[in-house]
Amino acid sequence: MLGRGEIAIVGAAETTQLGAIPGMSQIMLHADAALNAMAETGLKPADIDGVACVGPMMPQQIAHYLGITPKWVDGTGVGGCSFMLHVRHAAAAIHAGYANTILITHGESGKSRINATPRPAEPEGLNGQFEMPYGPFGPPTLFPIPVLRYMKKYGVTHEDLATVAVVQREWAGKNPRAMFRDPITVDDVLNSRMIAYPFRILQCCLVTDGGGALILTKADRAKDFPTKPVYILGTGESVESNMVSQMEDFTSSRAFRVAGPTAIEAAGIDRKDVDHMMIYDAFAHLPLYGLEDLGFCKPGEAAGFIREGNTRPGGKLPLNTTGGGLSYTHTGMYGMFALQESVRQMRGAAPAQVPGAKVSVCHGVGGMFSASGTIVFSNERP
């Protein structure tokens with residue numbers, strides 16, 4: 001059994017630029033982030049013996065490009081939360097002795113589409129057979145499907161969903177690297193262009209270029225690095241149906257309900273111990289589902305929790321403190337950026353730093369609620 005705080009993040013960095021980076025291919029974005037993470041730790045490619053990434057880049061491509069000879073690799077791909085699963089798998093691999101120092105990379109030309117591989121509809125798959133014939137066009141038309149049932153069941157209003165974007169823009173205003181920083185109001189959100197009912201453009205994620213990288217090793221080695229270590233207290237993962245139409249319950253994610261509590265229980269913490277939280281927010285309803293399915297709010301109460309100011313600057317549970325996928329950046333698979341901010345908060349180095357934060361929960365979604373991964377971090381080793 002992996003011990004609490006046994007594994008540490010010693011390297012964490014994003015690409016030098018975020019936003020529109022037309023001069024870099026996807027593998028170059030992976031490399032830029034990886035080299036930035038290695039530079040802050042003083043590590044060289046020869047010091048890395050484990051590699052993880054998610055398609056379209058494969059671990060062998062990243063290892064070859066960077067000159068790494070790994071003893072352990074992971075190419076798990078379950079969508080945008082793949083990186084949470086990579087962290088979990090890497091921690092287990094280090095515990096088992098399969099590797100000593102593992103690099104996890106992400107790079108995606110989501111906006112510029114440099115060397116980007118088109119994502120096929122896969123007509124032979126379940127989605128292709130049972131959802132695509134009805135005409136959905138990607139995440140904006142698929143992800144909102146459950147929220148209409150959620151709104152009806154709990155009386156959640158359009159204003160409530162708009163408030164999620166408003167609060168996250170407050171955080172983005174404190175972040176120099178955020179793509180959108182100007183304040184917005186609920187009316188601004190509700191008057192913005194309709195994309196797919198009930199979501200308007202300010203309730204949908206950005207489309208950007210960028211990436212990030214993490215380096216993990218045993219906590220006992222952390223003192224050998226110049227960076228402040230961030231310890232992994234607990235991890236969780238799960239999957240549900242890859243068809244959003246076949247969710248067990250449109251008002252709750254089964255994958256969330258497994259991954260989140262598993263990580264929190266493994267961390268040995270109470271929810272009141274959490275000082276900071278990142279919930280993958282490709283669309284404005286995801287923080288509501290995350291807060292409820294992870295047990296921070298009762299079913300149907302997350303909208304009120306956010307409306308009352310609990311997640312905004314100065315609130316009792318600071319949430320998505322970069323501005324999130326709605327205002328900070330979103331390359332297509334956002335999980336790496338959520339992890340980066342949790343690490344920054346635990347290092348005390350975030351642009352919108354939460355004073356005295358000691359425990360951060362980072363929760364991700366993959367596909368249209370089809371997968372989930374959760375990591376609990378701390379800057380104190382148990």
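The largest share of the lining of the largest cavity, 3 residues, is supplied by helix α7, residues 158–172, where helices (H or I, at least four residues) and strands (E, at least two) are DSSP runs numbered from the N terminus. This is a predicted model, in which local features need pLDDT of at least 70 and side-chain atom pairs count only at pLDDT 80 or more, while totals for chains, interfaces and linings use all residues. Residues are numbered from 1 along each chain as its sequence is written, and side-chain values use heavy atoms, with hydrogens and water left out.

On a 1 Å grid over the protein atoms alone, a cavity is a set of points where a 1.4 Å probe fits but cannot get out, a pocket is an open set with protein on both sides within 12 Å along at least five of seven lines, and lining residues have an atom within 4 Å of a point. Grid points are joined across faces, edges and corners, and a volume is the space filled by probe spheres set on the points. The largest cavity holds about 30 Å³ of space, and its lining is made of Val164, Val167, Gln168, Ile306, Thr311 and Leu319.

Just after α10, Gly295 takes a positive phi of about 90°.

Finally, the second largest pocket has a volume of about 210 Å³, and β8 gives the largest share of its lining, 4 residues.
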